[in-house]
Amino acid sequence: MVGVNVFSGVIFAELNASDIPLRFAKWSPFFAPPLAVCGLVLMSFPSQFEDWAPWSDFLTRGFWKIAPANAEMMRFWPTLGAQLLVFTIVMSPHLRRFLSHRCFLWLGKISFPLYLLHGSFMRSVLAWLLFSRQQITEIEEEGQKHMRYPLPGIPTFVVVMPVFFVVLFTATHFWAVKVEPCFGVMTKTAEDIMFGKSERSSTLPIRKD
């Protein structure tokens with residue numbers, strides 16, 4: 001699915017620079033919300049146990065009706081959903097203005113550090129917050145015995161999750177403000193060594209809506 005995303009990105013970039021979205025701007029309040037919701041639902045397609053929920057089981061059966069026998073389904077629906085969501089944002093000035101709120105801009109700013117750090121923080125900070133007071137016990141599942149930490153209760157989740165998100169978002173904000181610029185300087189230095197210090201324009205086309 002990598003090639004599909006690459007070519008879709010090229011098409012969406014060309015579409016964004018054209019005047020086609022302007023022609024549909026007045027209709028965007030009607031088509032943008034259902035398309036965006038549909039894209040988010042498709043992006044939520046699980047990577048396993050897809051037959052546990054009726055909606056994902058329906059998509060699974062629909063996929064195998066149109067796909068070859070050896071096709072890979074895990075990435076298909078999330079990829080399609082992501083493309084549909086990007087298409088909706090490109091075509092809807094109302095949705096872009098909504099996403100231009102400073103809170104969403106901040107989330108966009110920390111999105112890449114969040115992608116880099118969330119796994120490590122879940123396996124360290126979150127695991128410690130949830131299970132530090134738990135004692136490992138023997139649990140029997142499907143006739144087999146395993147040594148596991150028991151799941152904490154709902155009150156523990158209610159207290160721990162806000163604390164974890166504060167720690168995680170603080171760390172990602174620090175990364176975006178303090179660490180990422182250092183890599184930017186390193187990248188700029190490498191570009192100057194390879195291509196010289198001549199000014200290179202980075203201006204992108206600006207839409208009028």
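Residues are classed by relative accessible area as buried (under 20%), exposed (over 50%) or partly exposed in between, with a 1.4 Å probe and protein chains only. By this scale Trp 175, at 25% relative accessibility, counts as partly exposed. The structure is a predicted model, in which local features need pLDDT of at least 70 and side-chain atom pairs count only at pLDDT 80 or more, while totals for chains, interfaces and linings use all residues. Residues are numbered from 1 along each chain as its sequence is written, and side-chain values use heavy atoms, with hydrogens and water left out.

The protein contains nine helices and two strands; these are DSSP runs numbered from the N terminus, with helices (H or I) of at least four residues and strands (E) of at least two. In sequence order the elements follow the pattern α-α-α-α-α-α-α-α-β-β-α. The radius of gyration is 23 Å, well over the 17 Å that the globule rule gives for 209 residues, so the protein is more spread out than a compact globule. Here the radius is taken over C-alpha atoms, and the globule rule is 2.2 Å times the number of residues to the power 0.38. The C-alpha trace spans about 65 × 50 × 35 Å along its principal axes.

Of the 209 residues, 22% are buried. The protein exposes about 15,600 Å², of which carbon and sulfur atoms supply 68%; accessible areas come from the Shrake-Rupley method with a 1.4 Å probe, and for residues only the protein chains shown count as cover. Contacts (heavy atoms within 4.5 Å) were also examined by sequence separation. Among those between residues at least 6 apart in sequence, 62% join residues at least 24 apart.

Ser 28 lies in helix H3, which covers residues 28-43, and has a relative accessible area of 0%. The side chain of Ser 28 reaches the backbone oxygen of Ala 25 at 2.9 Å. Beyond its neighbours within four places in sequence, Ser 28 is in contact with Pro 33, Met 91, Ser 92, Pro 93 and His 94. Gln 83 is placed in helix H5, residues 76-91, and is buried at a relative accessible area of 15%. A polar contact of 3.3 Å joins the side chain of Gln 83 to the side chain of Ser 8. Such a contact is a pair of N or O atoms within 3.5 Å; within protein, one must be able to donate a hydrogen and the other to accept it, and residues adjacent in sequence count only if both atoms are side-chain atoms. With residues up to four places away in sequence not counted, Gln 83 touches Val 4, Asn 5, Ser 8 and Phe 12.

Phe 24 is placed in the loop between helix H2 (20-23) and H3, and at 39% relative accessibility it counts as partly exposed. Phe 24 touches Phe 31 and Met 91, when residues up to four places away in sequence are set aside. Phe 24 and Ile 110, 86 residues apart in sequence, are 31 Å apart in space from C-alpha to C-alpha. Phe 49 lies in the loop between H3 and helix H4 (54-66) and is partly exposed, with a relative accessible area of 44%. Phe 49 has a positive phi of about 55° although it is not a glycine. Most residues other than glycine have a negative phi.

Helix H8 (residues 111-131) bends by about 50° at Phe 121, the bend being the angle between axes fitted to the seven residues ending at a residue and the seven starting there. The buried residues of H8 are Pro 113, Leu 117, Gly 119, Phe 121, Leu 126 and Leu 130. These buried residues pack against helix H7 (102-109) and helix H9 (154-195).

Trp 175 is found in helix H9. Its contacts, leaving aside neighbours within four places in sequence, are with Pro 113, Leu 116, Leu 117, Glu 180, Pro 181 and Phe 183.

The disulfide count, based on pairs of cysteine sulfur atoms within 2.5 Å, comes to zero. Cys 103 is partly exposed, with a relative accessible area of 46%. Cys 182 is likewise partly exposed, at a relative accessible area of 46%.
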